[in-house]
Amino acid sequence: MDWMQRLEKLDRRIIFVIMLIAVSIPVLVRLDMPIPSSKEVDDYYETIEKLPDGSVVFFPADFDPGSVAELEPMMRSALTHLWRKNCKIVCFTLWDTGPGIVDAILRDMAGKMNKEYGTDYVFLGFKAGREVIMVQIANSISGVFPQDYSGKPTKDLPLMQQVDKLTDTKLIVNISAGYPGTKEWVQQVRTRYAVPMLSGCTGVSAPEYYPYYQSGQLSGLLGGLGGAAKYEARVGVKGDATAGMPAQSMGHLAVIALILMGNVLYVVNKKKAGAR
Amino acid sequence: MRREIPILITIVIGWVMVMDFFFPPVSSVATRMRDWTLILIAISQMLGVANVARINLDKVSRKHPDAPYAMVLLLAIVLMIAFGVFLPKSATIGGLTWGGHEGGSVFDKVYNQMYVPMQGTMFSLLAFFIASAAYRAFKIRSPEATILGVTAVIIMIGQVPIGSLLWDGMPGLSAWIMNVPNLAAKRAILIGAALGAIATGMKVILGLERNYVGGE
């Protein structure tokens with residue numbers, strides 16, 4: 001076996017080290033990159049921008065800690081944007097491992113923006129039932145969540161005395177890591193109740209939601225950390241997504257370089273084998 | 001009767017749910033039925049926990065090679081349920097809130113300081129395995145594989161800021177791939193799957209599809 005054949009069967013630990021170096025460089029050396037926007041991100045931004053001040057927004061945060069790196073930045077930017085317009089937020093999650101992280105983000109952002117629990121936002125926690133919950137909550141929020149995450153009666157919260165069903169709200173802002181998430185909200189609720197909807201989702205699920213964006217069922221779409229970084233640029237905050245872009249860029253370049261190297265070696269070794 | 005009654009229940013519930021979409025007067029019946037569903041789902045979750053506990057208790061009692069892991073799982077289940085459900089919020093010892101699940105409680109600390117980093121670590125490891133898998137498996141063995149490889153490279157580079165630094169047109173090209181070929185294929189799959197779901201749903205609520213109750 002010559003060196004090119006050995007290189008084609010490169011030990012995976014060496015590949016791991018290459019990847020580690022690629023994603024570490026931007027952490028050690030500051031790299032600033034321009035972040036150009038895109039139409040779906042602009043539409044996302046404009047939809048919130050056009051909301052009347054003080055509107056009530058339905059905010060299902062359907063993710064778990066595994067997707068926090070991608071979805072937390074877009075949730076924080078969306079909260080910043082909505083609260084700048086004094087919107088009221090009704091938040092909950094359909095992911096059983098989500099409430100802790102969603103609650104922490106909400107409390108942290110509310111503290112930074114001087115928003116008061118019960119008046120400016122509520123967090124209702126988690127309830128099992130996926131699509132059934134989506135339809136039920138569209139008809140009666142307090143029916144599905146008689147208590148909020150901390151156990152207070154939902155009907156005692158000032159914000160919940162203004163709203164009790166989906167059509168009392170002006171917009172659905174969904175943060176989605178998969179199932180149940182954006183696709184199910186579109187199918188079960190968006191089409192049925194005709195309330196405009198925005199989605200922020202993981203990079204891997206974004207291609208699946210483009211048909212809903214192009215059909216107008218989604219008014220805007222943020223896909224993965226890249227989408228979150230573009231939105232941060234529009235909102236004017238430098239958050240974790242913007243900070244993560246150089247590392248993600250270098251990671252993508254490393255994967256592309258490895259694919260090209262693997263293919264060059266594959267072609268050369270195949271030709272050599274054919275010549276023998 | 002063991003087959004007929006479940007089939008009848010399915011047919012009635014199926015029709016009520018379809019009619020709820022088009023005829024608002026049916027809404028109150030449909031809402032009540034969905035409430036029943038939520039109660040059943042909640043009970044099934046408890047059954048799920050009980051089943052996980054039973055399987056792992058069995059592993060421990062049989063001294064299975066995975067018994068240490070099973071013990072950790074059982075301990076985690078018992079402690080998290082005890083902290084989050086049974087201990088009252090007022091249970092405070094040494095400045096630490098032992099009960100409840102709100103911010104600052106032991107439940108919340110275990111979740112945010114153990115579970116969240118562990119899940120994040122598992123997810124981030126994917127980047128390393130994807131790099132290794134791409135090097136080994138992403139080979140241009142056929143024209144289709146070549147198209148797939150070239151498209152993947154364009155999307156990967158077009159989705160990150162470095163793409164526009166390398167070539168101004170890269171984000172546009174990446175967006176075109178997402179909005180035209182990707183969308184055409186995705187829409188075809190979605191419509192095909194939806195038609196299949198409608199056909200299967202119709203067969204179930206007309207009583208023609210009975211496999212879900214066993215037999216035939």
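User: In this model, to which strand of chain A does helix 4 of chain A run at about 160°?

Analyst: The model is a predicted one, and in it helix 4 of chain A lies across several strands of chain A, among them strand 1 (56-62), strand 2, strand 5 (197-201) and strand 6. The angle of about 160° is given for the helix against one further strand that it lies across, namely strand 4 (171-176) of chain A.

User: Which strands stand at the edges of the open sheet of chain A, and why is one side of each left without a neighbour?

Analyst: The sheet is open and has six strands in the order 3-2-1-4-5-6, with parallel pairing. Each of the two edge strands has a single partner strand, so one side of each is left without a neighbour in the sheet; these are strand 3 (121-126) and strand 6 (220-223) of chain A.

User: Which residue of strand 3 of chain A is the bridge partner of A:V90?

Analyst: Strand 2 (residues 88-93) of chain A runs parallel to strand 3 of chain A, and four bridges join them. For A:V90 the bridge partner in strand 3 of chain A is A:V122.

User: Is A:T80 buried, exposed or partly exposed?

Analyst: A:T80 is found in helix 4 of chain A, and, leaving aside residues up to four places away in sequence, it touches A:M113, A:V235 and A:V237. A residue counts as buried with 20 or more other C-beta atoms within 10 Å and as exposed with 12 or fewer. A:T80 has 18 other C-beta atoms within 10 Å, and is therefore partly exposed.

User: How are helix 3 of chain B and helix 4 of chain B oriented to each other?

Analyst: Helix 3 (residues 67-86) and helix 4 (residues 106-137) of chain B pack with their axes 8 Å apart, at an angle of about 135°. Angles over 145 degrees would count as roughly antiparallel and those from 65 to 115 as roughly perpendicular, so the two helices of chain B are oblique to each other.

User: Which helix of chain A gives the most residues to the side that touches chain B?

Analyst: The contact takes 48 residues from chain A and 49 residues from chain B. Elements of chain A that give two or more residues to its side include helix 2 (12-28), helix 4 (68-84) and helix 11 (240-275). By class, this side of chain A has 27 nonpolar, 15 polar and six charged residues. The element that gives the most, with 14 residues, is helix 11 of chain A.

Key. Residues numbered from 1 in each chain as written. Chains lettered and ligands numbered in written order. Predicted model: local features only at pLDDT ≥ 70, side-chain atom pairs only at ≥ 80, totals over all residues. Contact = placed C-beta atoms within 7 Å. Nonpolar A, V, L, I, M, F, W, Y, C, P; charged D, E, K, R; others polar. Axes fitted to C-alpha atoms, helices over the stretch in contact; angles between N-to-C directions. Parallel < 35°, antiparallel > 145°, perpendicular 65-115°, else oblique. Pairing = 2+ DSSP bridges.
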